[in-house]
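Keep the sequence and the structure in view while reading.

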Amino acid sequence: MSPVSCAGCGGPDVALCEGCRRRLVPEVVRVDLPGGLPVFAGLVYAFEARGVVLAFKNAGRVRLAETLAPALAAALESCAHHATTDAASAGDGFSADGSLLVVPVPASRRGRRRRGYDPVELVLRRLGLVVGVPVLVPTVRAGGGQKGRDRQQRLRGREGSLRATRDLQGSHVVLVDDVVTTGATLQEARRAVVARGAVVVGAACLAATPLRSATGSP
Ligand SMILES: [Zn+2]
C-alpha cells in the first residue's frame, strides 16, 4: 500500500487531517471582477485550503470532491441569494420565480487530458447538479498553445477560448469555476454566454485569492 499524506499540510498517515478538515468549513468571500461580475468563493485560496484544492485539481485526489463540495454549495447559495436581491433590484431582470442556469467553466482540453477528469464537474456531481450537454466548451484554435507567452499575453490570449453551444436568450446564468485568481477565465466565460444572449448574475467557485494582482484594485 502506498503511503498517504494529508492533502492540506502533508502530515502523515491520513488523507486529510482533522486540523485541515476544520480549515475547509466554508466561509464565503466575495470578490468583484472588473465590469461588475461578483464572484462568490467558499474558501480563501491560501494555506491548507490551497493545498487541498491543488491536491484535488492536480494530484488526482478525486475523493476530495466530497470534502470540497460544501464550499461550492455555500458559494452557489450566496450567488443565488445575490441574484434574487441585489441583482434583481439593479434591474438585471431576474425574478424570484425564475431559475438560474448553472454553467460550469470547462477545463482546457489539455488540462482534462492530463488529469483525466474535470474538477468542477466532479464537485457539481457531488451536489447533484450535473448539467447534461455542456453550455460552454473550449474552442479549437490554430496555434493555440499558451506556453512561452508572458502573463499579459496569456490573459489576452484567453479571449475567444470558450464558446457557448446554444442560444441562451432569457437565461440567468451562474458561472462555476474551481479557483479564481485573476478572473480572466471567468471574464472570458461571461463574454461567451453574453454573446449568446444570457444575463450573468454572478459566479461561484471553490476558492478565490483574497487580493487580485493582475487587474488591480484602484
Ligand atoms: Zn493536514
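## Helix α2

The expected span of a helix is 1.5 Å times one less than its number of residues. The model described here is predicted. Helix α2 covers residues 47–58, which makes 12 residues, so it should span 16 Å. After α2 comes glycine 60, with a positive phi near 75°.

Which residues of α2 are buried? They are Glu48, Ala49, Val52, Val53, Ala55, Phe56 and Lys57. An α-helix has 3.6 residues a turn, so residues three or four places apart point the same way.

The buried residues of α2 pack against both helices and strands. The helices are α1 (18–23), α3 (64–84) and α6 (119–126). The strands are β2 (37–44), β6 (172–180) and β7 (199–208).

## The sheet

In what order do the five strands of the open sheet stand? The order is β1-β2-β7-β6-β3, and the pairing is mixed. β1 (29–33) and β3 (100–104) are at the edges; each has a single partner strand, so one side of each lacks a neighbour in the sheet. From one strand to the next, the twist averages 25°.

## β6, β7 and helix α6

Strands β6 and β7 run parallel and are joined by eight bridges. Valine 180 is opposite alanine 208 in β7. Helix α6 packs on the sheet, where it touches β3, β6 and β7. The direction of α6 makes about 120° with that of β6.

Key:
Residues are numbered from 1 along each chain as its sequence is written. This is a predicted model: local features need pLDDT of at least 70, side-chain atom pairs count only at pLDDT 80 or more; totals for chains, interfaces and linings use all residues. Helices (H or I, at least four residues) and strands (E, at least two) are DSSP runs, numbered from the N terminus. A residue is buried if 20 or more other C-beta atoms lie within 10 Å of its own, exposed if 12 or fewer, and partly exposed in between; C-beta atoms are placed from the backbone. Two residues are in contact if their C-beta atoms, placed from the backbone, lie within 7 Å. Two strands pair if DSSP finds at least two bridges between them. Axes are lines fitted to C-alpha atoms, for helices over the stretch in contact, and angles run from 0 to 180 degrees between N-to-C directions.
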